[in-house]
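Colleague: I have a protein model open and would like to walk through it with you. Can we go step by step?

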Amino acid sequence: MADQEVEAAIDLGARLTRSPPPAAIVIFGASGDLTKRKLGPALFNLAHQRLLPPETAIVGFARTTVSDDEFRANIRAGIDAHSRVEVTDESVWDGFAARLRYMPGSFDDPDAYGRLAALLGELDATMGTAGNRLFYLATAPEFFPVIAANLGRADLSREDDGRFARIVVEKPFGTDLASARTLNDELGQVFRERQVYRIDHYLGKETVQNLLVFRFGNAIFEPIWNRRYVDHVQITVAEEIGVERRGGYYDQNGALRDIVQNHMMQVLALIAMEPPARFDARDVRDEKVKVLRAIDSFGEPSAAQWALRGQYTSGWVGGERAPAYRQEQGVEPASATETFVAMRVEIDNWRWAGTPFYLRTGKRLPRRATEVAIQFKPAPHLPFASTAVDEIEPNLLALRIQPDEGAALQFVAKVPGPKIALRPVNMDFAYGTSFLQSSPDAYERLLLDCMLGDATLFTRWDEVERAWEITDPLVQRWRDGDDGLALYGAGSWGPAEADVLLAREGREWRRL
């Protein structure tokens with residue numbers, strides 16, 4: 001058997017048992033908020049579930065100078081504040097803390113990477129990390145190519161003798177098509193495509209993963225998952241919060257680049273894709289790319305007709321007064337950056353031709369909710385001519401991604417009584433009540449998959465590129481000031497123009 005086949009067989013065995021090999025996990029930007037809120041708790045939860053080999057080491061790398069013990073204290077504070085699993089046994093924490101090391105260094109200092117290489121060699125000898133490396137870039141995007149280049153110079157990206165070296169890149173992957181291609185070229189000079197894991201935490205959520213199981217594991221849904229039976233699809237990502245402390249960053253990006261180009265395009269692809277031959281990284285991502293290729297880019301006239309941007313003004317959210325976007329810290333007083341996007345897209349293929357997909361996302365909306373709603377076509381004939389029933393609500397399937405993960409199927413039932421009276425009712429499924437256990441955090445699943453070498457829930461370069469090709473004309477159009485900026489009060493469901501977008505076709509947004 002060839003070496004590549006042996007390696008593939010070993011990787012498959014690891015993925016099936018969900019038991020990763022030992023490795024050293026290096027977190028660049030380990031003093032930041034992402035490590036405290038997400039990465040530290042996720043790694044602790046994996047260790048608590050005995051999904052991390054005892055030989056696994058975790059190395060924090062950042063410019064802040066702290067000791068190993070101070071780094072451990074920072075990680076513990078993040079776990080106490082944000083972990084879904086509490087530390088109830090101090091011996092469990094002690095075992096996890098013993099894995100933690102810290103190394104101060106500047107991201108652009110080649111000598112620091114030499115010291116990192118020496119530390120990793122030491123951990124191979126003392127902890128048995130076996131030469132496997134996982135580099136997580138929890139830094140500002142401008143440091144991605146800098147870190148990758150220095151890892152290459154320190155010979156830390158090389159894979160040999162069955163050892164792996166993988167790099168995890170957080171979004172945003174570029175700010176437009178040109179910058180995304182530049183970043184990919186810079187990473188590609190050091191790492192092969194199979195070594196690069198572009199993480200989108202939405203894909204680690206249980207309901208997003210369950211989309212595939214829901215569709216392809218239940219024979220009752222797949223036959224009607226097409227243009228013959230589906231009237232339209234709505235994908236909503238609503239946030240109560242404003243830009244918080246990210247005003248400077250957000251003002252350079254906006255909702256289109258922050259949410260639509262990555263999260264929403266990924267969810268759209270999963271909803272619309274054809275059945276993969278196998279549930280593995282290559283086949284799943286191949287089908288997702290086919291969906292994205294079937295979506296036209298937002299050039300003229302579709303940009304002006306079927307996409308709009310909005311920005312929140314002051315208002316009330318959750319009983320508290322919220323400032324206007326232009327009053328947020330770090331935001332330009334005359335900013336035209338969008339905090340709300342609504343658009344209509346079509347997938348020009350055999351399954352979905354003519355079926356509209358409506359996308360909306362916004363900040364300072366009435367509640368936090370992410371949902372996919374599949375609206376089915378109405379019944380073709382109502383055999384209730386002798387009654388008052390002349391119209392009923394069509395069936396609807398709502399897939400809740402956050403905050404309460406689950407699904408609800410709406411259908412029509414007769415109201416008890418002597419006459420025919422119909423009312424829509426829901427058949428509801430919630431993860432928490434159905435399985436009597438909390439869903440793992442998205443980062444738990446994705447970090448484990450990284451260690452296993454399973455890239456199914458990560459975005460491949462051609463997915464990223466095609467998503468940018470779809471949205472980039474709109475990015476450029478809005479950057480140049482084309483199209484108006486619709487305003488909406490904080491605490492509302494967005495600008496009135498978003499309602500008009502659907503009303504043109506006799507539809508309306510679903511109330512959440």
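The questions below run from the overall fold down to single residues.

Colleague: What kind of model is this, and how many helices and strands does the protein have?
Modeller: It is a predicted model. The secondary structure of the protein comes to 16 helices and 17 strands.

Colleague: Which radius of gyration does the protein have, and why does it agree with a compact globule?
Modeller: The chain has 512 residues, and a compact globule of that length would have a radius of gyration near 24 Å. The model agrees with this, because the protein has 24 Å.

Colleague: What box do the C-alpha atoms fill?
Modeller: The box is taken along the principal axes. Its size is roughly 85 × 55 × 45 Å.

Colleague: What share of the residues is buried?
Modeller: Buried means under 20% relative accessible area. Of the 512 residues in the protein, the buried share is 51%.

Colleague: Among contacts between residues at least 6 apart in sequence, what percentage joins residues at least 24 apart?
Modeller: A contact here needs heavy atoms within 4.5 Å. Among the contacts at least 6 apart in sequence, the part joining residues at least 24 apart is 77%.

Colleague: How far apart are the mean positions of the positive and negative charges?
Modeller: The protein carries 60 positive and 74 negative charges. Their mean positions are apart by 4 Å.

Colleague: How many aromatic pairs are there, and how do the planes of Phe28 and Phe135 sit?
Modeller: The count is 19 aromatic pairs. In one of them, the ring centres of Phe28 and Phe135 are 6.3 Å apart. Their planes meet at 40°, between the 30 and 60 degree limits, so the pair is tilted.

Colleague: Which residues form a cluster through ring pairs?
Modeller: Ring pairs link several aromatic residues into a cluster. Its members are Phe28, Phe61, Phe107, Tyr113, Phe135 and Phe143.

Colleague: Where are Trp93 and Phe96, and are they buried or exposed?
Modeller: Trp93 and Phe96 are three residues apart in helix α4 (residues 90-97), about one helical turn. Their relative accessible areas are 8% for Trp93 and 3% for Phe96. The cut-off is under 20%, so Trp93 and Phe96 are buried.

Colleague: Is Glu244 buried, exposed or partly exposed?
Modeller: Glu244 is in the loop between β7 (230-238) and α9 (247-251). Its phi is positive, near 55°, though it is not a glycine. Its relative accessibility is 45%, so Glu244 counts as partly exposed.

Colleague: Is Arg364 buried or exposed?
Modeller: Arg364 also has a positive phi, about 60°. It lies in the loop between β12 (356-362) and β13 (369-376). With a relative accessible area of 14%, Arg364 is buried.

Definitions and conventions: Residues numbered from 1 in each chain as written. Predicted model: local features only at pLDDT ≥ 70, side-chain atom pairs only at ≥ 80, totals over all residues. Heavy atoms only, no water. Helix = DSSP H or I, 4+ residues; strand = E, 2+ residues; numbered from the N terminus. Rg over C-alpha atoms; globule rule 2.2 N^0.38 Å. Buried < 20%, exposed > 50% of the residue type's maximum accessible area, 1.4 Å probe, protein only. Lys, Arg positive; Asp, Glu negative; His and termini not counted. Charge placed at Lys NZ, Arg CZ, Asp CG, Glu CD. Phe/Tyr/Trp six-rings, centres within 6.5 Å; stacked < 30°, edge-to-face > 60°.
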